[in-house]
Amino acid sequence: MFKKILVPVDPAETGFAAEALAQASQFARDYGSKIHLMAVCPEVQSFVASQLPEGWQKREFEETSKILDKIAGDLDVPEGTVDLTVRMGSVYHEVIEEAERANCDLVLMTSHKPGLSTYFIGSNAAHIVRHAPCSVMVLRAG
């Protein structure tokens with residue numbers, strides 16, 4: 001089956017990834033897959049960043065890492081199954097790069113139901129499906 005599964009998690013909306021995390025955990029238990037949790041912190045324009053308190057970016061990464069640690073600790077998988085990373089940038093670009101860098105063979109993610117705007121603009125999931133270096137499983141949320 002899949003050896004290493006990348007599960008992107010939005011740190012501002014962690015519950016949205018619940019289905020993807022449950023499916024990745026099932027793969028880990030059934031097939032010995034490793035889970036690679038990932039969060040992407042949005043890039044901030046340099047002008048805006050200059051107005052933020054010193055060390056804000058480091059604190060953002062630390063807080064996001066704590067969120068991922070908590071999620072990893074709550075998964076029903078054998079110890080040593082989960083690793084994590086936090087990156088900064090645009091979601092789809094960072095997910096695609098991380099899938100390649102970490103040698104993942106599956107990106108497993110949840111996506112919102114498409115609305116009119118996603119037909120014209122495109123969603124992160126659509127970009128990832130088109131450009132990922134590995135298989136992509138998208139679970140449709142509510």
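Modeller: Apart from its neighbours within four places in sequence, Glu94 is in contact with Met38, Val40, Arg87, Met88 and Gly89; contact means heavy atoms within 4.5 Å. The model is a predicted one, in which local features need pLDDT of at least 70 and side-chain atom pairs count only at pLDDT 80 or more, while totals for chains, interfaces and linings use all residues. Residues are numbered from 1 along each chain as its sequence is written, and side-chain values use heavy atoms, with hydrogens and water left out.

Colleague: Why is Glu94 called buried?

Modeller: The term buried applies under 20% relative accessible area, exposed over 50%, and partly exposed in between, with a 1.4 Å probe and protein chains only. Glu94 has a relative accessible area of 9%, and is therefore buried. Glu94 lies in helix α4, where helices (H or I, at least four residues) and strands (E, at least two) are DSSP runs numbered from the N terminus.

Colleague: What makes Glu98 a buried residue, and where does Glu98 lie?

Modeller: Its relative accessibility is 1%, so Glu98 counts as buried. Glu98 is also in helix α4, residues 91-101. Beyond its neighbours within four places in sequence, Glu98 touches Leu6, His36, Met38, Thr85 and Arg87 by the contact criterion.

Colleague: What makes the pair Glu98 and His36 a polar contact?

Modeller: A polar contact is a pair of N or O atoms within 3.5 Å; within protein, one must be able to donate a hydrogen and the other to accept it, and residues adjacent in sequence count only if both atoms are side-chain atoms. The side chains of Glu98 and His36 are joined at 2.7 Å, and therefore meet the distance criterion.

Colleague: Why is strand β4 described as largely enclosed by the rest of the structure?

Modeller: In β4 (residues 106-111), 6 of the 6 residues are buried, so the strand is largely enclosed. Leu106, Leu108 and Thr110 are buried on one side, and Val107, Met109 and Ser111 on the other.

Colleague: How do you know that β4 pairs with β1 and β5?

Modeller: Two strands pair if DSSP finds at least two bridges between them. Strand β1 (residues 4-8) has 2 bridges to β4 in the parallel sense, with Ile5 opposite Leu106. Strand β5 (residues 135-140) runs parallel to β4 over 6 bridges, and Val107 stands opposite Val136.

Colleague: What makes the buried residues of α1 line one face?

Modeller: Helix α1 (residues 18-31) buries Ala20, Leu21, Ala24, Ser25, Phe27 and Ala28. Seen down the axis of α1, these residues fall within an arc of 160 degrees, so they line one face; the arc is that of the directions from the helix axis to the C-beta atoms. An α-helix has 3.6 residues a turn, so residues three or four places apart point the same way.

Colleague: How many helices and strands does the protein chain have?

Modeller: The protein chain has 6 helices and 5 strands, in the sequence pattern β-α-β-α-α-β-α-β-α-α-β. Buried residues account for 38% of its 142 residues.
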